[in-house]
Amino acid sequence: MPARIIDGRAVASELRAELLERSSALRETGVAPSLAIVLVGEDDSSRAYVQTLARTGERVGVSVSIEELDASASAAQVREQLEKLGNDSGVHGVMLQQPLPPHLSIRTIGEAIPLRKDVDGSHPTNQGLLAFGSGPHFVPATPAAVMLLLERSPHWPLAGRRAVIVGRSVVVGAPVAMLMLAHDATIAILHRRSESFQPYLQLAEVIVVAAGVPGLIGGKDIAAGATVIDVGTTIVDGVLKGDVDFDSAQQVAGAITPVPGGVGPVTNMALMRNAIKAAEDFSSR
Ligand code: NAD
């Protein structure tokens, strides 16, 4: 029997209803939730992503502004922009779009993201808190989306489950691992230098793939009944592709997310949820 599809658009639509209620309640108290996105440079996919976020914001009552800086902007200029947004009481959430141009490093610039407005969890303090399992102020949007989808899987709750994460980036793989550990899963993290994916994948009940390599994992790699969450998004010949070969994996898995229509739409809503939380925190101060 083919795997059950975990429908990201349906999850996003549930979240949208909840977020609209919360943003309307805020507006009634005179607080209009607002998110500022700092976009450095001319990366096409980054631009397309922030434009999608602006449309998502409209659908949930969050006003999104895009603060553009030239590709040649210095680290000091980016920091200055972030600090300015930190001091602006009309802005509740601040996100620094990644990837940054190669001459800029998130490690140093991340510290300038105002901590209480760090809705994508990129400030080193929020990243560090994630590792403590006690929970950061804001969970980064894509890892939060992975968890929201896992909650709808047959392997939830994760306690004691055998899980594999393919990819260990600071934005996706590593924070997903921390969140799954906080839910008591037993995890293995595979990455570019891993010599072999087996036996890890064959033992895994839950597999999260975030490598950016289209079709990296297929039906032959995974165990029957596994839950597969595909984070990958790569444009191949004008078509959006995930890291999982969906057709073959669906024949073996128990539950699977599609691309498009899986992690992406939930990520956008998870970011808006954080922006609304930031506005709620502001309003209760
Ligand atoms: P990244 O390039 O920063 O990290 C990729 C990770 O995968 C690295 O840890 C690397 O070691 C590992 N990797 C690469 N090739 C591998 C291979 N052949 N075998 C095993 N591991 C391998 O990428 P990222 O920012 O973590 O993003 C990963 C993917 O997720 C990309 O396709 C990206 O576009 C997508 N993404 C999607 C969303 C969303 O909302 N849907 C959000 C963020 C990223």
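Student: How many salt bridges does the structure hold?
Tutor: Keep in mind that this is a predicted model. A pair gets on the list when a side-chain nitrogen of Lys or Arg lies within 4 Å of a carboxyl oxygen of Asp or Glu. The total for the structure is ten.

Student: Arg22 and Glu18 form one of them, so which helix do they both lie in?
Tutor: Their side chains meet at 2.7 Å, N to O, which is within the 4 Å cut-off. The two residues are four apart, about one turn of the helix. The helix they share, residues 8–28, is H1.

Student: Is Arg22 buried, partly exposed or exposed?
Tutor: Buried means under 20% relative accessible area and exposed means over 50%, with partly exposed in between. Glu18, with 32%, falls in that middle class. Arg22 has 23%, so the class for Arg22 is partly exposed.

Student: On to the strands: how many bridges join E5 to E6?
Tutor: Strand E5 covers residues 162–166, and four of its five residues are buried. Its neighbour E6, residues 186–190, runs parallel to it. Val166 stands opposite Leu190 in E6. The number of bridges joining the two strands is five.

Student: Which helix does the chain pass through between E5 and E6?
Tutor: The chain makes a β-α-β crossover here, and it is right-handed. The helix on that path, residues 173–182, is H7.

Student: Which residue in E7 is the bridge partner of Ala163?
Tutor: E5 also pairs with E7 (residues 206–209), in the parallel sense over four bridges. Val164 has Ile207 as its bridge partner in E7. For Ala163, the partner is Val206.

Student: Which strands stand at the edges of the sheet?
Tutor: Six strands form an open sheet with parallel pairing, in the order E1-E11-E8-E7-E5-E6. An edge strand has a single partner strand, so one side of it is left without a neighbour in the sheet. The edge strands are E1 and E6.

Student: Now the ligand: which residue has a polar side-chain atom 2.7 Å from one of its oxygen atoms?
Tutor: There are 21 residues around the ligand, and those that come nearest include Arg168, Arg192 and Thr233. Arg168 has a backbone N or O atom 2.8 Å from a ligand oxygen, and for Arg192 that distance is 3.0 Å. The residue with the side-chain atom at 2.7 Å is Thr233.

Student: And what percentage of the ligand's area does the protein bury?
Tutor: Taken alone, the ligand exposes 860 Å². Helix H10 (residues 263–283) gives the largest share of the shell around the ligand, three residues. Of the ligand's own area, the protein buries 73%.

Note on methods. Residues numbered from 1 in each chain as written. Predicted model: local features only at pLDDT ≥ 70, side-chain atom pairs only at ≥ 80, totals over all residues. Heavy atoms only, no water. Buried < 20%, exposed > 50% of the residue type's maximum accessible area, 1.4 Å probe, protein only. Pairing = 2+ DSSP bridges. Right-handed = clockwise from strand over helix to strand, strands pointing away. Near = heavy atom within 4 Å. Polar contact = N/O pair within 3.5 Å; in protein donor to acceptor, adjacent residues only side chain to side chain. Areas by Shrake-Rupley, 256 points an atom, 1.4 Å probe, with all protein chains shown as cover.
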